[in-house]
Amino acid sequence: MRQPDQGRRVPSGYRTPAGRARVLHGSPATLTFVALFWATGALSASIRFGPPSLLLPHVAATSHSVPDHWWALMLSAFWERDLAGYVVGTLVVLLAGLPLERRLGSRKFTISALGGHVLGILATLGFLAAARGLMGSWIRDLSGHFFVGPSALACAAVMAATAALSTLWRRRIRVVLLAVLLLFAMYAGGFEDLVRLGAAAAGGLLGPVLLGRWPRFGRPAVSRHEARILVALLLTVAAVGPVVAGLAPHAVGPLSVLKFLFTNIQPVDPAALQASCSRPAGLRDCAAAQLQLRAGAGGIFMAILPSFLLLLFADGLRRGRRFAWAGALLIHATLSLLAAVTIAGVLLPPPGPGLPAREGVGGIELSGYSHPLSLVLPMLLPVFLAVLLLAGRSLFPVRAPHGTYLRLARRVLVGLVLLSLAYVGLGLALADGFTPVPGLPQLLADVPDRFLPLGFLVDRSPAFFPESTAAVVLYESIGVAFWAWTGALLLRTFLRPAHGRHSADEERARRILKSHGGGSLSWMTTWSGNSYWFSGSSFIAYRVLSGVAVALGPPVGPPADRQAAFTEFARHCRFNGWTPCFYFVPDELRGMAGSLGWGSVQVAQETVLRLDQVSFRGKKFQDIRTALNRAANAGIRAEWTSFGQAPIAVQAQIEAISEEWVADKKVPEMGFTLGSLDELDDPEVRCLLAIDSDHTVHAVASWLPVYRNGYVVGWTLDFMRRRGDGFRASIDFLIASAALSLQDEGCEFMSLSGAPLARVPASSAGGGASGVGSAASASAGGSSGADANGALDRMLDWLGAALEPVYGFRSLLAFKAKFKPDYEPMYLLYPDAAALPAIANAITRAYLPSINLGQGLTLVRGLLTRR
């Protein structure tokens, strides 16, 4: 039976009475808890208004439950505060328990839920005891709080059950749940928020133990796509948290102070309002306070405008958009400056008796904070987020088509002008609804304030305020309408296809590639991260890493100009102080470079199918025919599409399959000549899907075009991903189906791409791969060059064998052998053997630009284990 956690459709059996009966029959612990939950509430008359006062100390967990009322740690899960709490608690338990108990097992589910609930309360009590000296005011605020209900129990059960899920979905559920719980714990900061967070953490530890393995810690490997989602999620939490703190009536969390920085939601004390309004000198302050007290949805929206913009930019960051990155960075840089003003206001001595008090964000009242650092340290969060965005700049390379943001600016400006005119015109017509009655100068002066939060950045009372209903609607809605219009336009730019986003150099390189063609791997030169050097009608794509210019493939352009382009590029590199090298080049360019004194070494083996010879007949293709027949019997078909044209549901499945594959690795996703989801999203790149009648994607493979004289003559395999629990032979099926389909289209060949650090024996490869070591030595020149190449060949062989358990390059090459391809060696060309260590470091950085220390140690462990 298929599991719905991989983006699949839920089997129809779940929608039948028999299917629902099986679900209920498989969840006895969940149903038993719900029955006890309502029974205890009914027997104790607690359903309408919560436990009676005499019973409350015995069934509610508080900071004083241990040791006098230790049993309350367990019993607190079986009571709620009121009828709404009972209804919501029941829904939460059923939503968590019905699907997860069957996956984890009733006994393990019960232990993880109740154990996590109790451990979460104990962890909270331990934290409160340990933090009493550091966060005295927060701890004192929590002393009168109590916790009842099954929410912590459900959080613990969900976290424990994720241990039985695939790596990708385990990570996603844990990250989202912990992000939400951390948001409430750090901003609202209630006792119940800390208990839920502690229970979730306990459940996350109990789950693996109950399944017979130890919990694993450390930073997991994530793809670029997943890293974007994590950054966007972090910014979302940072944007929503201050709003939660501003709207919560008693927010006491350590980050709740950020509501003064992100929002302008200001609670109004009725006594202070009455005192201000009773003094003639305080009439303006009285009007401002009344406006803040009466501010409806429009006023609240304008007060949280920075958070609203950050949420918009978080969606753009999720999509890899560079404009969203710049916008989020600008907001956090501005908030960092405001935080600096606040910190200065806290740390500097207070004004003298005869001086006016500091106002604005630097004049926050300190009486509620036991130590200035409890206010200063949270203010550093915008600084941290700004630094994080700067460090992750390379994750957001996607630019909108040319002119997108000029059109956005024009439309926003038109909206601003029209709404300003509407405000002034309608304000004059409704002037009697304001106090005092404004004239044209007052309305014009008030226009800028309509598009900013009330009193944002400056403590300035309004010149007039609305009284009538029509005036209030006008006063509050103009800004909301403008920012809603702006937000809708901004989201549209993030949704616009990024095709055509390429720079002038990229567009020129694509035109040359299509006109003159290149090698089977030349389309990789169009990928993000490459720089371009042009010479007439030829170009070379390269990356400069640690002083080494790594050129990808041979020069692209007219064949007659390749040697001139090669020598001119080498001269260009020497002029700039770079060491040039050419990576993944064919034997033809190797021979030409050898005549110029360059050395070479084989670094990969490309596999090519000549489509005019493909038939998949005979005993040697038995495995291929079996894959085709089994796919047909299972109702799986091969379907051509492109990522951009695929339905959203199919795109989501492709992303999930890819992220699952990356999540199972202990080292990061490689780049350079190995494509990812970013390279898949190109209208020129074709995708072949293994998809069944339920629209479940079992595997995906992408194909890069190979041009010659303006026409596509072949395709190169790049991206391959298979669903972990899908059709096992789906990749075999896709490659065989692609070969037959492209043969019918009249293509000449199909390249299965190159496998780095892997090669077949000379006897298997044929003439193209024979004599690798001796040819490399001869092209290097001299005995020292021969020794260097021989040592490098041996080192590459050892490294390929050592990396096999981690990346499986040799297994990949062996897998491709079943299609009986032609083998063509790919070489690294270098000008001097002394530069090989620097070149090796540069190529490693090209493949793994974001590897960290922990992932590096994992890689080293793989090498040592292989040895």
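Student: Is Ala 45 buried, partly exposed or exposed?
Tutor: This is a predicted model, where local features need pLDDT of at least 70, side-chain atom pairs count only at pLDDT 80 or more, and totals for chains, interfaces and linings use all residues. Residues are numbered from 1 along each chain as its sequence is written, and side-chain values use heavy atoms, without hydrogens or water. Buried means under 20% relative accessible area, exposed over 50%, and partly exposed in between (1.4 Å probe, protein chains only). Ala 45 has 62% relative accessibility, so the residue counts as exposed.

Student: Which loop holds Ala 45, and what is its phi?
Tutor: Helices (H or I, at least four residues) and strands (E, at least two) are DSSP runs, numbered from the N terminus. Ala 45 sits in the loop between α2 (28–43) and α3 (56–59). Most residues other than glycine have a negative phi. Ala 45 is not a glycine, yet its phi is positive, about 55°.

Student: Which loop holds the proline of the cis bond from Thr 435 to Pro 436?
Tutor: Most peptide bonds are trans. The bond from Thr 435 to Pro 436 is cis, with omega near -15°. Pro 436 lies in the loop between β3 (434–435) and α21 (440–450).

Student: How many disulfides does the structure hold?
Tutor: A disulfide is a covalent bond between the sulfur atoms of two cysteines. Here the cut-off is a pair of cysteine sulfur atoms within 2.5 Å. The sulfur of Cys 573 has its closest cysteine sulfur in Cys 581, 8.8 Å away, which is too far for a bond. The number of disulfides is zero.

Student: Are Cys 573 and Cys 747 buried or exposed?
Tutor: Cys 573 has 0% relative accessibility, so this cysteine counts as buried. Cys 747 has 11%, so this one too counts as buried.

Student: Which loop holds Trp 70, and how exposed is the residue?
Tutor: Trp 70 lies in the loop between β1 (61–62) and α4 (72–75). Its class is exposed, because its relative accessibility is 54%.

Student: Which helix holds Arg 411, and what is its relative accessibility?
Tutor: Arg 411 is part of helix α20 (residues 404–429). The residue counts as partly exposed, because its relative accessibility is 40%.
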